[in-house]
Amino acid sequence: MPQPLDTVKGFGVTFKQIFKKPITQEYPEVKRPVYPRFRGRHRLWRFENGLEKCVGCSLCAAACPADCIRVVAAENTPDNRISAGERYARIYEINMSRCIFCGYCELACPFDAITLGNEYEISEYARDDQIYTKDMLLAPPIKRTPVADAELYDTPIPYYKEHA
Amino acid sequence: MPISEILLAGASERDLTKLEEYHMVGGYAQLARARELEPAAILAELDASNLRGRGGAFFATGKKAGFMPRDSPRPKYLTVNADESEPGTFKDREIMLRVPHRVIEGSLITAHAIEARHVFIYIRGEYLTEFEVLRAALDEAREAELLGGVTLVLHRGAGAYICGEETGLLESLEGKRGQPRAKPPYPAITGLYGAPTLINNVETMATVPKIMELGGEEYAKLGTPDSTGTRVFSLSGNVVRGGNYELPNGTTLRELIYDIGGGVPDGRELKAIIPGGSSVQILTADQVDTPLSYDAMREAGSSVGSGAIIVIDDRACIVQLGLRVAQFYMHESCGKCTPCREGTRWMVQLLNRIEDGDAEEDELDLLLDVCDRILGHCLCPLGDAAAMPIASYVDKFRDEFREHVRAGRCPYGGESSLERVFAPVDQHRGHPTVEVAT
Amino acid sequence: MSVPELVTVSVDGREVQVPKGTGLVETALAAGIEIPVFCYEPRLGPAIGACRMCLVEVEGMPPKPQAACTLTAQDGMVVKTALTSQLARNAQNATLEFILVNHPLDCPVCDKGGECPLQDLTFRFGPGRTRMTFPKRTFDKPIPISPTISLDRERCILCYRCTRFSESVAEDGELVAVNRGAQSMIATFEDEPYRGRFSGNVTELCPVGALLPTTYRFEARPWEIQTVPTVCGLCPVGCNVNVTTREGKVKRVLSRNHPDVDGGWICDKGRFAFGHLGARDRIVDPLRRQRRRGLQPAGWDEAVDEAERLLRAAQGRIVTALSGSETVEQAYGLAKLMRTGLGAHTAVLPEEISDAVDGFRLPLSAIAGAELIVVVGDDPVEERAPIVDLWLRAARRNGAEVVTTGVGGGAKACRQLAGEDDELGRRLRESDRPVLIWSGSGGAGGAHVAACAERLGFGSKPDSGVFYLPLTPNGRGVVEAWSAASDDEGPDPDPIGLLFVSGDEAASDPSVRSLAERADAVIATTMFQGSAVGWADLVLPGTSYLERDGTFVNLEGRLQRLRRAVVPPTPDELAWISQLAGRFGVEVSPYPSVVFGELSERIFGGLPYGEVGERAALRGREPTGELRAPAPAATPKGRGLRLVRYRPLFSGAAVERVPELAFQRPAAEVQLSPQDARRLRIKAGDEVDVRSNGTSRRLRARIDKGLVAGVARIADEHAEELQATVEVARA
C-alpha cells in the first residue's frame with residue numbers, strides 16, 4: 001500500500017542532513033585522538049636497569065582467547081641475564097593479525113611486563129609481518145606520519161607478490 | 001607439711017645406687033614376688049592403684065598396659081622413656097641418679113606384667129652422669145642375676161626433644177629420623193619394629209615397686225582420687241629453694257612455693273606460675289591456691305604436665321618468656337607436620353616483633369589466631385605444646401603485650417629476671433638453628 | 001580369596017559401602033567426595049599424616065580434626081569433610097596458610113605452575129590472602145641433585161613423598177631429609193648425585209615444583225602441551241607412559257599407571273632417553289653409496305628405486321636382521337615383503353624367543369603377591385627389565401622370599417630345581433604362589449625355565465607364574481609377526497646376496513656386522529649415522545618408538561598400543577615398506593591399523609585394533625605343547641674365568657645420545673666373585689687387566705657376592721672384543 005506521507009517524511013530527514021556540517025575526517029592526515037584506555041599495539045617493558053620484566057611464564061598465552069601469543073622460555077645464566085629471575089622469554093611473539101585487542105594478556109601478566117598501548121596503525125602488506133617478535137615489542141612503536149607527497153611514497157612490494 | 005617419700009624413699013639415708021644398699025630397703029623383693037604372680041594380677045594391682053602416667057599425659061598406666069594384645073605372635077617390648085627434655089623438668093634425672101635400681105625393678109615388674117622379654121630405656125643424650133649411674137646399676141643387677149632372662153637395653157638419645165614423644169622415641173630407637181608416627185596404629189598394637197610396645201615414663205616405672213609393696217588400693221589412698229600417689233615435683237624459677245620435692249598429689253602451689261620452696265626471693269611479688277613444664281598454660285598469681293592434681297588444674301585452665309613448677313616474679317617480661325618458649329619449640333619441632341613446622345617459626349617472628357615494639361595491635365590477634373590454627377591440627381602434641389602456653393600468655397597478660405605495642409619497646413628493658421627461668425635459644429650451639437629475620 | 005567384609009560409612013551425609021579397612025580418602029572418593037591430600041600416596045607404603053591437608057571431622061572421636069589418610073573405614077563411621085564441617089574447613093584452611101607461609105609463590109617461573117596440586121588446592125580450600133609479613137625462609141636454588149633432577153628447597157612443602165619413594169619403593173635410600181623443624185630440607189647424602197634407576201619418579205611424586213626434571217626445565221606450560229598415551233619401547237616391560245609434546249617435539253615422558261604392568265613407576269631410561277629423537281647424528285634423508293664418494297644423501301624416490309634394485313639383484317638370497325624393537329606391524333610388513341614377495345625366509349634375531357612361558361602367564365603385578373620367587377640367569381633383573389626389580393622389592397617387603405641362584409649357569413640351576421631332592425625345588429612345589437624368573441642370556445626364550453616350572457607342577461596352580469626377561473623390547477611380537485607372514489620355509493642363503501638390517505640394535509650387533517662382511521650388499525634402516533654408515537650400501541632413515549603407531553608385545557605376552565607422539569622427520573618404515581612391497585606385487589598397507597587387522601586374524605584371534613586399549617588386558621594362559629628343556633649351551637672350556645657379558649640398562653643407541661644420562665652409564669669395571677678375587681689377590685677398586693686371546697682391557701674390579709666362582713661379569717660396552725674365556729690379573 002503506498003504511503004506518500006511517510007515517504008515525504010523520510011526524505012525530510014535526508015534533506016535536513018544536507019545542511020549540517022560533515023563529520024568526516026581526512027585520515028591519515030588528520031588523526032582522531034583515542035581514549036586513554038584504548039587498547040592498541042602491545043608493548044613489552046624493561047626495568048630501569050635494562051632487565052626485561054617478562055619472565056616467560058606464558059600466562060598471557062593462556063589467557064589469550066585468540067591464541068595469538070607464543071612464548072618459549074629459557075633459563076637465565078650469569079653470562080646471559082635477560083630478566084630478573086631464573087627464567088626469561090627466549091621467544092615472545094604476538095600475531096597481530098589474530099589479536100583481538102581484548103587486553104586479557106595485560107590482566108594475566110603477573111609482572112606488568114606487557115601493556116596495550118594506543119597505537120592502532122599496525123597494518124602491513126603481508127601476514128608474516130604481522131607477527132611481532134620480542135624485539136619489536138620491546139622497542140617503542142614507530143611513529144607513522146601521513147605522507148604529504150604521494151610521489152615520494154615508496155610502496156613496498158607485498159610479500160605474496162615477492163614469494164609467489 | 002610432711003614429705004611422704006615413696007619414690008625416693010630411703011634415698012636420703014642411703015646410697016641407693018648400690019645394689020646392696022637397695023637390698024637393705026627391700027629392693028627387688030617386689031620383683032621376686034611379682035614373678036610369682038600371674039601377669040594379670042600385676043595389671044590388676046596397677047589398675048587398683050589408679051596410677052596415671054607421669055610423663056605428662058596422665059593416661060592410666062594399668063589401662064595402657066591392658067591394651068597390649070595377649071595373643072600376638074610378635075614379641076612384646078617395654079620401652080622406658082627417660083628422654084626428659086621438657087624445660088623446667090628434672091625429676092627423672094633425680095630418680096635415675098638416686099634410685100636407679102627402683103627404675104630397673106619397676107621396669108622388670110612391668111615387663112613381667114606384659115610378658116615382654118625386652119626392655120629399652122631411652123635416655124636423653126645430655127644425661128651422661130645419669131646414664132652412667134643407670135648403667136652401673138644395670139651391671140650390678142645383671143651380675144646378681146636379677147634380670148631373669150629379660151634383655152635390658154640402655155639407649156642414649158642424641159638431644160632431640162621430639163624423641164620424648166613416644167612414637168618419635170620408637171623411630172629414634174629403630175635408628176631412623178626422630179619424627180613421630182601417625183596414630184593409629186598405637187604403639188600397643190604396632191610399636192617398636194612393628195611389634196606391640198608399651199611406653200612408660202621413668203617416674204611411672206619407679207613407682208611400680210612401691211605399688212606392689214603397698215598394694216594398689218593402699219597406694220590409691222595417697223594423693224587425691226583423680227591423681228593418686230605422690231609425685232616428684234621440680235620447682236624452679238624465681239624461688240628461694242628450687243629443687244625436686246616428692247609430695248602427694250593435691251598439694252597446693254602455695255604450699256610448694258612458699259612453705260617448701262621458701263617463696264619468691266628478694267622480696268619480689270609473685271607474678272605467674274607455670275605449673276607443669278613449658279608446655280602448659282600459665283597461671284596468674286591469684287591462682288596460687290590451686291592444688292597440684294589433674295582435675296583441679298584442669299579447672300584452673302592448665303595442667304600438672306610433667307610436674308615442673310616454674311615460678312615467675314614481677315620483674316619478668318611475659319613477652320620475653322613467650323619468645324623463649326616459642327623459640328624452644330621452633331628449635332625442637334621435628335619438621336614432619338606442617339602446622340608445627342611453619343607455625344612455630346611464625347610465632348617466633350611475631351613475638352620478636354612484639355618484643356621489639358614494632359608490632360601493631362592487630363598482630364596480637366594474629367598471634368592468637370596462629371596459635372589457634374596450630375592447636376589440634378598437628379601430628380603429635382609438640383605443636384599443641386607450643387601453641388597452648390603462648391595463647392595463655394597473651395590471654396592472661398594481654399595488657400603487658402599491649403604495653404609493648406603502645407610503647408614501641410619492651411617496658412622491662414634489660415631488667416627481666418628470666419635468665420634463671422629459661423635459657424635463650426642461642427645457647428644451643430652446634431645445632432642448626434632457624435634464622436629468623438625480624 | 002575371602003570376600004572382604006563390607007562396612008557402611010557416612011561421608012557428608014552420603015552413605016557408602018566399602019570393604020572394611022579401606023582408607024578414608026578412598027572411602028570418601030567412593031562417595032564422590034574428594035578429601036584433599038599432599039603427602040598421602042598409597043603406593044609409598046603406610047600413610048604418615050605429615051601434611052595435615054586431609055583433616056576431617058569424625059563423630060565419636062576426640063573433638064578435633066582427624067587426619068583422614070591415617071584412618072580406615074569402620075562400620076557406622078560418620079565423617080564430615082570440609083564440605084559440611086566448619087571444623088574441617090578451618091583446619092584445611094589453616095594447613096594451607098601454614099604451607100604457604102614460607103612457600104615462595106614463584107608460580108610464574110615454576111614449571112609446576114598450572115599442574116600443581118598446591119595451586120589447585122589453594123584455590124579451592126586456601127586463604128585468599130596472606131597474613132605473613134616477614135621475610136620468607138630462603139635456600140640456594142635450584143640445586144641439581146643429579147644431572148636429570150633439580151631441587152628447589154624453597155618450594156618444598158616437606159610431604160616426604162620423595163624420601164619415602166627412595167626409602168621404601170626404590171629402596172636406594174639416597175634421598176633423605178636433613179636438619180629439623182623449619183630448617184628441614186631434602187638432600188642427598190653428602191650432596192652426592194642421586195644415582196638410581198628410578199630417580200625420575202620423584203619428580204612426578206612431588207606435589208609442588210620442588211623436584212623437577214632438568215630436561216623439562218622451562219620447556220612448556222600445561223596449557224601449551226599435548227599428551228599422548230603410549231607405551232615405552234626401550235625394554236621388554238612395556239611401561240605405560242604419557243608423552244608430553246609441544247610444538248611437535250617430545251618434552252617429557254610421564255608414567256601412565258597400568259597397575260598390572262608398572263604400578264605407575266617408570267625407570268630413568270624410559271623417562272629421560274627421549275632426547276635421542278633430536279640427536280645430532282640423526283639420519284633424516286636416505287643415504288646411498290656412490291662410487292668413490294661414499295654415502296650421499298638421496299631422495300626418497302631414488303632410495304626406493306635403489307632398494308628395489310638391490311633386492312632384485314640378490315635373487316632371493318636375502319637375510320633379514322631384526323632388532324626386536326620394530327612394531328608388530330612393521331615386522332609383519334617386512335616379513336610379507338621378504339617372505340611372500342622375495343621368498344627370503346631367513347631372519348636373524350638378537351635372541352631366541354619361545355612361547356613356552358605362555359602356559360604360565362601372569363601379570364607382572366602378581367610378583368608383588370608371590371610367596372616364593374626364584375630368579376635364575378646371569379643378568380641382574382634391574383638391567384634387563386627394571387620395573388620387574390621394583391616388583392621383586394615389593395614382594396620382599398610383602399614378606400615373600402626372593403632367591404637368586406647366582407650368575408653362571410641358569411640352565412643348570414633349572415635342572416637342579418626340577419630335580420627330586422632339591423630343597424628349593426621342594427618348596428617351590430609346595431608353595432601356592434611361586435614365581436620363576438629367568439633373567440639373562442642362554443635361556444632359549446624361556447624354554448628352560450618353562451620346562452622346569454612344568455616339572456615343579458606350576459601348571460595346576462593358577463597363581464604360579466613364569467617370566468622370561470627378553471633382551472629386546474618387542475622380540476616376542478616381532479617373532480610372532482615374522483612367522484605369521486608366511487608358512488613357507490626356505491634354505492639359508494649361501495652366499496648371502498643381500499643383508500637387510502632393520503634397526504639400530506641389529507646394526508650394532510657384532511654378529512650382524514660379521515654377516516655384513518659376507519654379504520654382497522647391505523641395506524640398513526637406522527636412526528643414527530653412527531650405527532650403519534660405513535658398511536651399508538643403502539641407509540634408510542629409521543624412526544623411534546615415540547614416532548610410531550602400532551603394537552608391542554611385552555614380556556608377559558601383553559599386546560599394547562603404541563601411539564605416535566610426534567611426527568618423525570622422515571617417512572616411517574611402514575610407508576616405504578608398503579611402497580617397496582607394491583613393486584614386488586605384495587600388498588602391505590602403509591597404515592598400522594590395516595596391517596594389524598590383517599595379522600590379528602592370524603595371531604591375535606581377530607582382536608580389532610581399536611580394542612587393544614589404553615590399559616591393555618593380558619591374554620589368558622595359552623596351553624603349550626610338551627615342554628622339554630633344550631640342551632644347554634656348551635660352557636666354553638679353558639683356563640681363566642668365564643666372561644659373562646650383560647647389557648646394562650643405561651646403554652644402547654638411544655641412551656648414548658642423551659648427555660643427561662651419561663652419569664648413569666656403567667662404570668668401566670669387572671665384577672668378580674669373592675672367591676676368585678681372593679684367589680687372584682684382587683681387592684675391590686683395584687685396577688685389573690682382563691685378557692683374552694690377544695685383546696686386553698683395563699678395568700676396575702668390583703666384588704659381587706651374588707656371583708659364583710669362575711665367572712667375570714663385564715658390561716657389554718666395556719667387554720668389547722673379549723673372548724668367552726678371560727684371564728684377570730692385577731695391573
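In which loop of chain C does Arg292(C) lie? Arg292(C) is found in the loop between strand E14 (287–290) and strand E15 (294–297) of that chain. Helices and strands here are DSSP runs numbered from the N terminus, with helices (H or I) of at least four residues and strands (E) of at least two.

Before I continue, a word on the source. This is a predicted model, in which local features need pLDDT of at least 70 and side-chain atom pairs count only at pLDDT 80 or more, while totals for chains, interfaces and linings use all residues. Residues are numbered from 1 along each chain as its sequence is written, and chains are lettered from A and ligands numbered from 1 in the order in which they are written.

I return to the backbone of chain C. Arg292(C) is not a glycine, yet its phi is positive, at about 65 degrees. Arg292(C) counts as exposed because it has 5 C-beta neighbours inside 10 Å. The scale is as follows: with C-beta atoms placed from the backbone, a residue is buried if 20 or more other C-beta atoms lie within 10 Å of its own, exposed if 12 or fewer, and partly exposed in between.

Arg681(C), also not a glycine, has a positive phi of about 55 degrees. Its place is the loop between helix H21 (674–679) and strand E29 (687–692) of chain C. With 9 other C-beta atoms within 10 Å, Arg681(C) is exposed.

Next, the cis peptide bonds. One joins Pro184(B) and Pro185(B), with omega about 0 degrees; Pro185(B) sits in the loop between helix H8 (166–173) and strand E4 (197–201) of chain B. Another runs from Lys141(C) to Pro142(C), with omega near -15 degrees. Pro142(C) belongs to the loop between helix H3 (117–125) and strand E6 (143–146) of chain C.

I turn to the interior. A nonpolar core is a set of buried Ala, Val, Leu, Ile, Met, Phe, Trp, Tyr and Cys residues joined through C-beta atoms within 7 Å. The largest has 335 residues, and Ile373(C), Val449(C) and Val501(C) have the most contacts inside it. Apart from it lies another core, of 27 residues, including Val71(A) and Leu137(A).

Finally, the chains. Two residues are in contact if their C-beta atoms, placed from the backbone, lie within 7 Å. Of the two pairs of chains in contact, chains B and C share the most contacts. Chain A and chain B have no contact, and their closest C-alpha atoms lie 22 Å apart.
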